[in-house]
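Q: I have a new model open and would like to learn how to read its features. Could we go through them together?

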Amino acid sequence: MKRRTLQKSLLLILLPLLVAAVSAAVYNLMHIQAPTISAEPAKVKFVEAADSAVAGVSIGTNGTYVSIDSMAGWPGATRVYEAVVGIKNFDTADRTINLAFNSWSGSTSNIDYIYVKIVDANGVQQGSTITVGAVGSSSGPLSIPAGATWYLRWEIKWKAGALSTDVVSVTLLLTVAGE
């Protein structure tokens, strides 16, 4: 009798586990279709600025990418590029932007600092200074007015012992909020 009761009890315990295991393999597939995702012109774009030519600026076709290939600096001295590239708001409304350090590589140990600042048309700094190499460093969220162009100011200081063969590569990320 005890054995039969034990078997029934065991069956009652194991049956829900068996049902749960079998039903875990049952599911429904639902679909989402987005048949028309289109490209649209950027509302905030990179544009040339006063120091673009000397800094080797090349702006992508749509103004959403920029490459800077000719910046340099002397060992032990600070090189300042007042307006390497512009950030222009082509929208009819203010837009929120945030420029942030993303990554760097190369002879980073021979750099004293690289600072990037966003300045308005009057040379007034907007937001915080971006310190290249500092994880999380950013301008913070900034509201660029409709039609305004702001500029990126770079300050580069190599250590006194830096060689002409030293080079660094820097990646920054500009986030534009909204659609």
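A: Gladly. Let us start with the largest pocket, whose volume is about 980 Å³. This is a predicted model, in which local features need pLDDT of at least 70 and side-chain atom pairs count only at pLDDT 80 or more, while totals for chains, interfaces and linings use all residues. Residues are numbered from 1 along each chain as its sequence is written, and side-chain values use heavy atoms, leaving out hydrogens and water.

Q: What is the general idea behind a pocket?
A: Rolling a probe the size of a water molecule over the atoms shows where empty space is left. Here a pocket is an open set of points on a 1 Å grid over the protein atoms alone, where a 1.4 Å probe fits, with protein on both sides within 12 Å along at least five of seven lines; lining residues have an atom within 4 Å of a point. The volume is the space filled by probe spheres set on the points, which are joined across faces, edges and corners.

Q: Which residues lie nearest the centre of the largest pocket?
A: Val66, Ile68, Trp154, Val170 and Leu172 do, out of 44 lining residues. The lining divides into 28 nonpolar, 9 polar and 7 charged residues, with Ala, Val, Leu, Ile, Met, Phe, Trp, Tyr, Cys and Pro counted as nonpolar, Asp, Glu, Lys and Arg as charged, and the others, Gly among them, as polar.

Q: Which strand gives the most to that lining?
A: E11 does, with 8 residues. Strands are DSSP runs (E, at least two residues), as are helices (H or I, at least four), numbered from the N terminus. The chain has 2 helices and 11 strands. Those supplying at least two lining residues each include E1 (44-48), E6 (95-106) and E11 (168-176).

Q: Is aspartate 91 buried or exposed?
A: Aspartate 91 counts as buried because its relative accessibility is 17%, and buried means under 20% relative accessible area (1.4 Å probe, protein chains only). Aspartate 91 sits in the loop between E5 (85-89) and E6. Its side chain makes a polar contact of 3.0 Å with that of arginine 95; such a contact is a pair of N or O atoms within 3.5 Å, one able to donate a hydrogen and the other to accept it.

Q: Where does serine 107 lie, and what does it touch?
A: Serine 107 is in the loop between E6 and E7 and is buried, at 18%. Leaving out residues up to four places away in sequence, serine 107 touches Trp158, Asp166, Val167 and Val168, where contact means heavy atoms within 4.5 Å. A polar contact of 3.2 Å joins its side chain to that of aspartate 166.

Key: Buried means under 20% relative accessible area, exposed over 50%, partly exposed in between (1.4 Å probe, protein chains only).
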